Amino acid sequence: MKAVMYGAGNIGRGFIGLLLSQSGYDVSFVDVNPTVLEAMNEAHRYPVEILLDEGSKEVWAENISCVDGKDMDAVASAIAEADVMATAVGVNILRFIAEPIARGLEKRWATGNMTPFNIIICENLIGADSVLKELISQYLTDEEKSLMDTLIGFVEASIGRMVPVQTAEMQKGNVLRVCVEAYDKLPLDKAAVKGDFPPIHNVIWYSPFSFYIERKLFIHNMGHAMTAYLGDIMGYEYIWQAIENPTIELLVIRAMTASAIALAKRHGGDVSMLYDHVQDLIRRFANDRLGDTVKRVGGDVKRKLSPGDRLIGAYTMCKEQDVDTTYIAAGIAAALCFTHDDITKEKSAEEILSEISNLADQAEILHTLERFKKGESLEKVLQALKREARQ
């Protein structure tokens with residue numbers, strides 16, 4: 001079996017590519033980094049270190065090669081011959097990989113390969129399946145679009161594994177080496193698959209998949225970002241330092257719990273299962289061996305405060321489901337204080353909430369923001385929020 005893994009970054013190597021390799025595929029990565037390209041094609045394997053609460057274990061991705069992402073013909077040939085494909089390139093890069101994918105699909109069909117083909121989309125974006133399909137459609141004829149509708153599955157994934165920025169110490173002299181947390185489950189959209197389900201290790205097939213996408217974005221990503229923003233206010237460098245602060249932990253738990261309640265109401269889900277997920281995430285955030293920084297997790301405030309993304313999306317969902325928004329509003333207020341992003345220096349809080357977040361009613365957020373700006377202690381802010389939540 002052959003697989004194409006578009007993107008040889010941390011998630012591509014540390015999660016999806018590894019699962020594909022462990023599932024018995026020969027994995028052709030596609031990347032433009034010449035150092036990674038050369039190293040993969042020389043070694044044909046790479047190590048993944050799984051960082052446990054105590055100690056670690058090393059596993060290897062085997063039967064690996066890499067295709068130069070700038071060589072469109074080579075990329076198209078790899079896609080034409082593959083049994084399954086995945087992307088993990090980042091939302092902003094999707095438009096650049098659409099044409100090579102289109103050329104690969106054309107090459108499959110030109111050689112008479114009409115086998116259903118599934119593209120697993122591992123991007124942090126609600127509606128990523130529709131976005132990628134539309135981008136690819138621009139390069140296809142009407143007849144080819146019809147074939148795509150029939151034969152190509154655009155399968156959304158929910159990426160739960162946390163993979164920090166790899167330091168030189170983590171890499172231990174091997175540019176391909178990647179350190180990851182132990183969590184390794186991969187939820188995929190069952191309803192989007194064309195033909196047979198691709199045999200992939202540790203997959204959870206689920207439908208309707210919007211529940212898993214929103215669970216990842218509005219609980220996991222929202223809580224992670226909020227931890228970073230509150231940690232920045234307190235002057236912490238690492239996520240684990242921030243979540244070890246009991247006041248930050250309580251604020252984040254209450255925000256994530258509110259999101260869990262709203263999500264259960266929206267989808268008819270099991271709120272106790274979601275609460276267990278919240279507790280597990282708090283434990284995982286505290287893994288000091290990941291070395292994930294407040295600066296990295298909180299970066300790109302503009303995207304994280306956009307409508308439908310982690311903080312504003314969770315806030316809006318709670319409003320719609322009549323769930324208390326006090327603590328998520330505090331997370332948004334903390335984001336507006338973030339010191340590592342130009343947007344918070346260039347625009348006022350009101351401008352960000354109006355122009356970027358599209359929020360008309362800003363009073364609740366601005367009220368807590370004023371407390372942060374006055375330099376009130378986090379404990380005092382928490383007590384005030386508790387009182388307001390009871391009202």
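The stops that follow move from a sheet to helices, loops and single residues.

This is a predicted model, in which local features need pLDDT of at least 70 and side-chain atom pairs count only at pLDDT 80 or more, whereas totals for chains, interfaces and linings use all residues. Residues are numbered from 1 along each chain as its sequence is written, and side-chain values use heavy atoms, with hydrogens and water left out.

**Stop 1: the six-stranded sheet**

Begin with the open sheet of six strands, whose order is S5-S2-S1-S6-S7-S8, with parallel pairing. Helices (H or I, at least four residues) and strands (E, at least two) are DSSP runs, numbered from the N terminus; two strands pair if DSSP finds at least two bridges between them. At the edges are strand S5 (64-68) and strand S8 (152-156), each of which pairs on one side only. On average, neighbouring strands of this sheet are turned by 20° against each other, direction ignored. Axes here are lines fitted to C-alpha atoms, for helices over the stretch in contact, and angles run from 0 to 180 degrees between N-to-C directions.

Next, select strand S1 (residues 2-6) and strand S2 (residues 26-31), which run parallel and are joined by five bridges. Which residue of S2 is the bridge partner of Met-5? That partner is Phe-29.

Helix H2 (residues 34-43) lies across S2 and S5 and runs at about 145° to S5.

**Stop 2: strands S10 and S11**

Move to strand S10 (residues 186-189), from which Leu-186 and Leu-188 point one way and Pro-187 and Asp-189 the other way, all of them buried. Buried means under 20% relative accessible area, exposed over 50%, and partly exposed in between (1.4 Å probe, protein chains only). S10 pairs with S11 in the parallel sense over four bridges, and Leu-186 stands opposite Val-203 in S11.

Follow the chain into the loop between strand S11 (203-206) and helix H8 (210-233), where Pro-208 is placed. The peptide bond from Ser-207 to Pro-208 is cis, with omega near 0°.

**Stop 3: helices H10 and H19**

Select helix H10 (residues 246-267) together with helix H19 (residues 378-390): their axes come within 10 Å and cross at roughly 30°. The two helices are therefore roughly parallel to each other, a term for angles under 35 degrees, as against over 145 for roughly antiparallel, 65 to 115 for roughly perpendicular, and oblique for the rest. H10 passes H19 in a left-handed crossing, meaning that the near helix is turned anticlockwise from the far one by less than a right angle.

Show side chains at this contact: Thr-247, Ile-248, Leu-250, Leu-251 and Arg-254 in H10 meet Leu-378, Glu-379, Leu-382, Leu-385 and Lys-386 in H19. These residues divide into six nonpolar, one polar and three charged. Ala, Val, Leu, Ile, Met, Phe, Trp, Tyr, Cys and Pro count as nonpolar, Asp, Glu, Lys and Arg as charged, and the others, Gly among them, as polar.

**Stop 4: covered helices**

How many of the eleven residues of helix H14 (residues 310-320) are buried? Eight are, and the helix is mostly covered; among them are Leu-311, Ile-312, Tyr-315 and Met-317. The buried residues of H14 pack against H8, H10, helix H13 (301-304), H15 and H18. Just after H14, Asp-322 takes a positive phi of about 60°.

Continue to helix H15 (residues 326-335), which is mostly covered, with ten of its ten residues buried.

Then select His-277 in helix H11 (residues 271-285). His-277 counts as buried because its relative accessibility is 12%. Not counting residues up to four places away in sequence, His-277 touches Arg-215 and Ile-219.

**Stop 5: exposed positions**

Lys-172 is found in the loop between helix H7 (168-171) and strand S9 (178-181). Although Lys-172 is not a glycine, it has a positive phi of about 50°. Is this residue buried or exposed? Lys-172 is exposed, with a relative accessible area of 55%.

Asn-358, in the loop between helix H17 (349-356) and helix H18 (363-373), is likewise not a glycine and has a positive phi of about 55°. At 56% relative accessibility, Asn-358 counts as exposed.

Finish at Gln-391, in the segment after H19, which counts as exposed at 79% relative accessibility. Gln-391 and Met-317 are 74 residues apart in sequence and 20 Å apart in space, C-alpha to C-alpha.

Notes. Contact means heavy atoms within 4.5 Å.
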